[in-house]
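Colleague: I would like to go through the labels put on this model and hear the grounds for each.
Modeller: Go ahead, and ask about any label that needs grounds.

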Amino acid sequence: MSPTYIDLTYTLDENVPIYPGDPAFSCCPTQTIPNDGINLHAISLGSHTGTHVDAPYHFVEDGARIDEVPLSAFIGNAVVVDLTQKTSRELITWADISSYTELICRKTQLPNGVFVLLHTGWSRYWQSPTFFDHPFLTHDASQRLLDLGVKLIGVDTLSPDETHVDGSTTDFGVHHAVLGAGALIAENLTNLEAIQTGDWLVSLMPLKLKGCDGSPVRAFAWRADGEDRAL
């Protein structure tokens, strides 16, 4: 039986939410089969558009660029933390995550290490103004995850830090902690409820963009235990 792959990626289209100040997304035909014999599109987007990964260089001047991060860093055993009870702009603290400590520690010992993915359920607000009002992680909680050996923190929101749409300054404490430690961040994941239980491997392979601070990814998961039951 072929393995089941779970897509954790948003479709990029003209309605994709863009982080305040980031470049807009466009994908426009430049050639068509009726006119040119082929279909060809021109694509324009920021390095943090849609489902994507942040490289350390995003916040660390001498940090690794996305093309310098080893491929092994983009595959990990998933621990999905259920935070679906969280409300708009509510803090995600260590108390919300600590019950997963034993599981996280066990998976750090596995080949490919561990990704901690924060499932707030905020995907339900995709393409809505409420998507910008997501819950966000505390610096302390992110540091405790790093101390456990987590190599990537992923979120189903625009950012693990609070997102401001009024022009005020964001703290970016989680970005500084995680990327400063040489770990990675994944943002705008979706469908995390599909991998909430069981053992899953996740791939977040980026484009090989020379010198870049991040990249869109096609995020997906498959069963780490080799079992493939109907979902």
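Colleague: What covers the buried residues of helix 5?
Modeller: This is a predicted model. In it, the cover over the buried residues of helix 5 includes strand 4, strand 8 (136–137), helix 4, strand 9 (152–155) and strand 10 (184–187).

Colleague: What makes helix 5 largely enclosed by the rest of the structure?
Modeller: Buried means under 20% relative accessible area. Six of the eight residues of helix 5 are buried, so the helix is largely enclosed. The buried ones are Gly-173, Val-174, His-175, Ala-177, Val-178 and Leu-179. Just after helix 5, Gly-182 has a positive phi of about 85°.

Colleague: Why are helix 4 and helix 5 called roughly parallel?
Modeller: The axes of helix 4 (residues 139–147) and helix 5 (residues 173–180) cross at roughly 15° and come within 8 Å. Angles under 35 degrees count as roughly parallel, and the two helices are therefore given that label. Their crossing is right-handed.

Colleague: Which residues make the contact?
Modeller: Helix 4 contributes His-139, Ser-142, Gln-143 and Leu-146, and helix 5 contributes Gly-173, Val-174, Ala-177 and Val-178. By class, this contact has four nonpolar, four polar and no charged residues.

Colleague: How do you know that the buried residues of helix 4 are on the same side?
Modeller: The buried residues there are Ala-141, Ser-142, Leu-145 and Leu-146. They cover an arc of only 140° around the axis, which puts them on the same side of helix 4. As background, an α-helix has 3.6 residues a turn, so residues three or four places apart point the same way. Just after helix 4, Gly-149 takes a positive phi of about 100°.

Colleague: What about helix 3: which of its residues are buried, and why are they placed on the same side?
Modeller: In helix 3 (residues 101–108), the buried residues are Ile-104, Lys-107 and Thr-108. Their arc around the axis is only 105°, so they lie on the same side of helix 3. Their cover includes strand 5 (75–82), strand 7 (114–119), helix 4 and strand 11 (200–203).

Colleague: Why is Phe-74 called buried?
Modeller: Its relative accessibility is 1%, and the cut-off for buried is under 20%; Phe-74 therefore counts as buried. Phe-74 sits in the loop between strand 4 (52–54) and strand 5. Beyond residues up to four places away in sequence, Phe-74 touches Val-53, Ile-66, Val-69, Phe-115, Leu-184, Val-202, Ser-203, Leu-204, Met-205 and Pro-206. Phe-74 and Phe-115 are 41 residues apart along the chain, with 9.2 Å between their C-alpha atoms.

Colleague: Why is Leu-12 called partly exposed?
Modeller: Partly exposed covers what is between buried, under 20%, and exposed, over 50%. Leu-12 has a relative accessible area of 31%, so the label is partly exposed. Leu-12 is in the loop between strand 1 (6–7) and strand 2 (26–31). Leaving aside neighbours within four places in sequence, Leu-12 is in contact with Phe-25, Leu-45, Thr-49 and Gly-50.

Colleague: What is the phi of Asn-112, and why is this residue called partly exposed?
Modeller: Phi of Asn-112 is near 85°, a positive value in a residue other than glycine. Asn-112 is placed in the loop between helix 3 and strand 7. At 35% relative accessibility, Asn-112 counts as partly exposed.

Colleague: And what makes Gln-127 partly exposed?
Modeller: The relative accessible area of Gln-127 is 41%, and the limit for exposed is over 50%. Gln-127 lies in the loop between strand 7 and strand 8, with a positive phi near 70°.

Definitions and conventions
Residues are numbered from 1 along each chain as its sequence is written. This is a predicted model: local features need pLDDT of at least 70, side-chain atom pairs count only at pLDDT 80 or more; totals for chains, interfaces and linings use all residues. Side-chain values use heavy atoms; hydrogens and water are left out. Axes are lines fitted to C-alpha atoms, for helices over the stretch in contact, and angles run from 0 to 180 degrees between N-to-C directions. Helices (H or I, at least four residues) and strands (E, at least two) are DSSP runs, numbered from the N terminus. Angles under 35 degrees count as roughly parallel, over 145 as roughly antiparallel, 65 to 115 as roughly perpendicular and the rest as oblique. A crossing is left-handed if the near helix is turned anticlockwise from the far one by less than a right angle, and right-handed if clockwise. Contact means heavy atoms within 4.5 Å. Ala, Val, Leu, Ile, Met, Phe, Trp, Tyr, Cys and Pro count as nonpolar, Asp, Glu, Lys and Arg as charged, and the others, Gly among them, as polar. Buried means under 20% relative accessible area, exposed over 50%, partly exposed in between (1.4 Å probe, protein chains only). The arc is that of the directions from the helix axis to the C-beta atoms.
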